[in-house]
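The sequence and the structure are shown first.

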Amino acid sequence: MNIVTWLNLVDLLVCLVVIISAIGAAVHRNLLAATVFAGVVSLAISFLFLRLAAPDVAMTEAAIGAGLSTVIFLIAVRRTEEVEGKDQ
Amino acid sequence: MANLLLELALAIGAAGTLLAVVRLVKGPRAASRAVALDVLTLITMPMMAAYGLYAGRQIYLDVALVYGILSFLGVTALARYADRGV
Amino acid sequence: MKQIISIIAIVTIGFVLWQLVPIAMPSGFGAVTHHYVADGLKDNGGSNLVTSIVVNYRGFDTLGEVTVLFLSVSGAAFVLRRRSGLEVQEPVPASEIVQTGARMLFAPIVVFGAYIFVHGHLTPGGGFQGGAVIASGVLLLLLANRDRALPHGLLSWVESLSGFGFVLAGLAGLIVAGSFLANKGVLPLGQWNRLVSAGVIPIIYILIGLKVGSELSVLLDVMVHAAGDEEAN
């Protein structure tokens with residue numbers, strides 16, 4: 001049995017955040033909420049990359065997921081709700 | 001001792017992220033989800049810096065810097081979406 | 001009923017992958033990987049092993065990735081171009097805080113992005129990350145004022161010349177040192193951990209950073225001004 005430190009608890013909690021947010025992004029009806037959930041997934045995954053000693057990948061995920069990805073999804077949702085009608 | 005204190009700080013931060021996710025899931029309005037996202041980035045950035053101190057590597061601070069500078073863009077975009085400005 | 005089937009499918013696939021991964025993944029890495037890890041820093045002179053693999057050992061793949069990014073942005077800009085007869089709604093103007101903040105914060109964000117891709121061979125980061133940060137700065141300007149006119153001519157020139165410069169750097173490696181995108185003979189390797197070092201790697205990363213930044217800025221501008229299709233339904 002390996003030594004279990006407090007950092008393993010941190011890993012477990014952040015993985016729980018990833019799972020809950022991913023299920024929320026896939027299941028939720030409101031598209032705005034789903035976009036926010038996707039942003040949270042990106043944030044938690046970036047921390048896990050840092051924990052796995054990959055700072056380059058963590059910085060890429062941070063640079064793209066913090067601003068660009070969320071905003072592109074929001075613009076797409078806004079432009080298509082004029083076609084489909086709101087909340088569909 | 002210092003390592004143990006840093007580990008405890010990281011664990012408390014992770015518990016804080018879980019509470020913010022509770023608000024993210026429950027929040028009836030769009031503004032509550034925006035606030036929850038902001039709180040999540042606000043907790044995660046010092047967690048990254050504290051982990052950099054724990055692991056003894058200076059390069060982990062750059063990732064925290066990227067989040068620190070860019071995290072408000074997501075929240076601002078959500079706010080502009082909510083008042084029909086995007 | 002459909003949801004139960006999809007949940008069963010996801011659990012089954014997850015279980016199968018979990019059982020197969022210890023068999024399918026090799027227990028040790030190949031000889032090429034050991035060579036990269038052992039000689040990567042010595043061969044290239046930088047402090048960042050990931051950069052030396054991405055730009056030097058696998059530089060041709062990076063050229064392919066830059067091409068794919070260019071193609072995807074061109075395709076998106078073509079599909080979302082402004083057509084006559086389709087109007088975008090007038091946006092609500094942003095508040096005073098957002099406008100002032102955008103004007104004040106644009107310069108530090110661009111400087112930060114430039115710091116990331118100029119120091120690509122020393123600290124984590126590089127061309128793609130720095131370009132994404134610069135595009136986020138332009139996004140902040142567009143959020144504050146939706147109808148701000150970006151200099152499209154300048155962005156097109158920067159993007160094209162940067163891509164062209166990347167291929168020229170590769171050809172310079174071919175002429176001087178004998179293989180495409182070679183690093184050793186073209187520019188001196190310099191001292192370790194200094195800004196001007198590691199041969200041609202900083203130049204390539206500066207070009208990639210400028211190219212990705214201008215491309216993503218054009219993509220954001222096209223998306224913000226795209227009109228929803230009102231007639232096609």
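The structure is a predicted model, in which local features need pLDDT of at least 70 and side-chain atom pairs count only at pLDDT 80 or more, while totals for chains, interfaces and linings use all residues. Residues are numbered from 1 along each chain as its sequence is written, chains are lettered from A and ligands numbered from 1 in the order in which they are written, and side-chain values use heavy atoms, with hydrogens and water left out.

## Surroundings of Ser32(B)

Ser32(B) belongs to helix 2 of chain B, residues 30-55; helices (H or I, at least four residues) and strands (E, at least two) are DSSP runs numbered from the N terminus. With neighbours within four places in sequence left aside, Ser32(B) is in contact with Arg23(B) and Gly27(B).

The relative accessibility of Ser32(B) is 16%, so the residue counts as buried. Here buried means under 20% relative accessible area, exposed over 50%, and partly exposed in between (1.4 Å probe, protein chains only). The Ser32(B) side chain also reaches the backbone oxygen of Arg29(B) at 2.7 Å.

## Interface of chains B and A

Chain B contributes 37 residues to its contact with chain A, and chain A contributes 39. About 3,600 Å² is buried between chain B and chain A, 79% of it on carbon and sulfur atoms. Buried area is the accessible area (1.4 Å probe) that two parts lose on being put together, summed over both.

Between chain B and chain A there are 4 residue pairs in polar contact, both residues at pLDDT 80 or more. A polar contact is a pair of N or O atoms within 3.5 Å; within protein, one must be able to donate a hydrogen and the other to accept it, and residues adjacent in sequence count only if both atoms are side-chain atoms. On the side of chain B that touches chain A, two or more residues come from each of helix 1 (2-26), helix 2 and helix 3 (61-82) of chain B. Helix 1 of chain B gives the largest share of that side, 12 residues. By class, this side of chain B divides into 28 nonpolar, 5 polar and 4 charged residues. In this classification Ala, Val, Leu, Ile, Met, Phe, Trp, Tyr, Cys and Pro are nonpolar, Asp, Glu, Lys and Arg are charged, and the others, Gly among them, are polar.

## Interface of chains C and B

Chain C and chain B bury about 1,400 Å² between them, with 74% of it on carbon and sulfur atoms. Across this interface of chain C and chain B, 2 residue pairs are in polar contact, both at pLDDT 80 or more. Helix 5 (96-118) and helix 6 (127-144) of chain C each provide at least two residues of the side of chain C that touches chain B. That side of chain C has 16 nonpolar, 3 polar and 1 charged residues.

## Nonpolar cores

The largest nonpolar core has 84 residues, of which Val10(A), Val66(B) and Ile204(C) touch the most other members. A nonpolar core is a set of buried Ala, Val, Leu, Ile, Met, Phe, Trp, Tyr and Cys residues joined through side-chain atoms within 4.5 Å. Residues up to four places away in sequence not being counted, Val66(B) touches Met59(A), Ala62(A), Ala63(A), Phe112(C) and Ile116(C). A second, separate core has 5 residues, including Val138(C), Leu150(C), Val218(C) and Val222(C).

Over all chains, the whole structure contains 3 salt bridges, a salt bridge being a side-chain nitrogen of Lys or Arg within 4 Å of a carboxyl oxygen of Asp or Glu. Asp11(A) pairs with Arg51(A), their closest N and O atoms being 2.9 Å apart. Asp11(A) is buried at 18% relative accessibility.

In chain C, Arg146(C) and Asp147(C) form a salt bridge at 3.4 Å, N to O. Arg146(C) is buried, with a relative accessible area of 8%, whereas Asp147(C) is partly exposed at 45%. Glu215(C) forms a salt bridge with Lys211(C), with the closest N and O atoms 3.6 Å apart, and both residues are buried. His225(C), in the segment after helix 8 (201-224) of chain C, is buried at 12% relative accessible area. Its side chain makes a polar contact with the side chain of Asp221(C) at 3.0 Å.

Methods:
Contact = heavy atoms within 4.5 Å.
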